[in-house]
Amino acid sequence: MSAENPETITVTGAAWKCLQGAYDLQIHVGPDVIGRRIDDIDCAKEFLQHGLKGFVLKSHYVPTGERAQVVTKAVPGIKAFGAITLNHSVGGLNPVAVELAGRSQCKIVWFPTVDAENETAGRSTSTEKLPFWAKIQRELAATGIAPPPITVLDSSGKVSEAARRCIELIAKHNMILATGHIGRAEIFALVKAAREMGAQKVVVTHAEFPSQNLTADEQYELARMGAFIEHCFTTMYTGKAPWEGVLAAIRRAGPERCVLSTDLGQTINPPVAEGFAMFAQKLLDGGFSVDQIRRMAVTNPSALVQ
């Protein structure tokens, strides 16, 4: 199984039933600087058709709060949420950007992704298949636009003052702090600081993604620290992580501390709603109950976006 030869997953009615009222906390749809298979309005219509409740619009480069408000008005019955990702395009660990995101009703603040010091795909000279955004990173660098990668830690290994100021504002606006593509040591330090500073909603972003690659025991420890562990369909569907390990990690942390997202919207991958159902199907086939899946796809995400 690979991105070129993904597995075939036959979706049953039971899988769709698991997702009634579900929220997908990470989708990549248009308009975006990267080509997408669908725009946010049409994606909302597909979600509504299948009985799903809503989603969070993620862009690596621009805030999506205003877009989300338009989608919510344009497609009654769907609730779209905006977000911001703290990459260089918004000034990195920029408290002004976080404050304005909160004022524009953004729901998630992702810490650095494409510009994270830990995330090397956009700086790699490898010729192997890379994420779509890696091409943009290389193009920017080729024009001389290559500011230094971002870390949330200072020279002493503690959470930096810039990161702490962002955490304060996330807590102030009751937004979700998501860890993005930062590394293992950064994740543990950020989650600890977030809880100490009063951020009530913390999500460890796609724990199995290669640049994070957290073990089941590490996920369990982060869950014990109060974080929700996010598992994204694309990571396994494109062969970046084995399904068996993910199912074991979910059991280790417990469905009560996990959320299911798709991370879909890419031109080469399945439609977002369909991919969400494929995720539910894999969990059903893996022995998870309907109630457990609904806890991860409906109950936990619903509580986070309130």
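The crossing of helices α2 and α3 in this predicted model is right-handed, a crossing being called right-handed if the near helix is turned clockwise from the far one by less than a right angle, and left-handed if anticlockwise. The contact is made by D40, I41 and A44 on the side of α2 and by R67, V71 and A74 on the side of α3, where contact means heavy atoms within 4.5 Å. By class, four of these residues are nonpolar, none is polar and two are charged; Ala, Val, Leu, Ile, Met, Phe, Trp, Tyr, Cys and Pro count as nonpolar, Asp, Glu, Lys and Arg as charged, and the others, Gly among them, as polar.

Two packed helices are described by the angle between their axes and the distance between the axes. The axes of α2 (residues 40-49) and α3 (residues 65-74) come within 10 Å and cross at roughly 45 degrees. That angle makes α2 oblique to α3, given that angles under 35 degrees count as roughly parallel, over 145 as roughly antiparallel, 65 to 115 as roughly perpendicular and the rest as oblique. Residues are numbered from 1 along each chain as its sequence is written. Because the model is predicted, local features need pLDDT of at least 70 and side-chain atom pairs count only at pLDDT 80 or more, while totals for chains, interfaces and linings use all residues, and side-chain values use heavy atoms, with hydrogens and water left out.

In the loop between β2 (54-57) and α3 lies T64, which counts as buried at 1% relative accessibility (buried meaning under 20% relative accessible area, exposed over 50% and partly exposed in between, with a 1.4 Å probe and protein chains only). A polar atom of the T64 side chain lies 2.8 Å from the backbone nitrogen of A83. When neighbours within four places in sequence are left aside, T64 is in contact with L57, S59, F81, G82 and A83.

Most residues other than glycine have a negative phi, and most peptide bonds are trans. A cis peptide bond, with omega of about 0 degrees, joins G30 and P31, and P31 belongs to the loop between β1 (23-27) and α2. N174, although not a glycine, has a positive phi of about 55 degrees; N174 is located in the loop between α6 (161-172) and β5 (176-178) and is partly exposed, with a relative accessible area of 34%. D263, likewise not a glycine, has a positive phi of about 65 degrees and is found in the loop between β8 (258-261) and α11 (272-285), where D263 counts as buried at 7% relative accessibility.

How values were computed. Axes are lines fitted to C-alpha atoms, for helices over the stretch in contact, and angles run from 0 to 180 degrees between N-to-C directions. Helices (H or I, at least four residues) and strands (E, at least two) are DSSP runs, numbered from the N terminus. A polar contact is a pair of N or O atoms within 3.5 Å; within protein, one must be able to donate a hydrogen and the other to accept it, and residues adjacent in sequence count only if both atoms are side-chain atoms.
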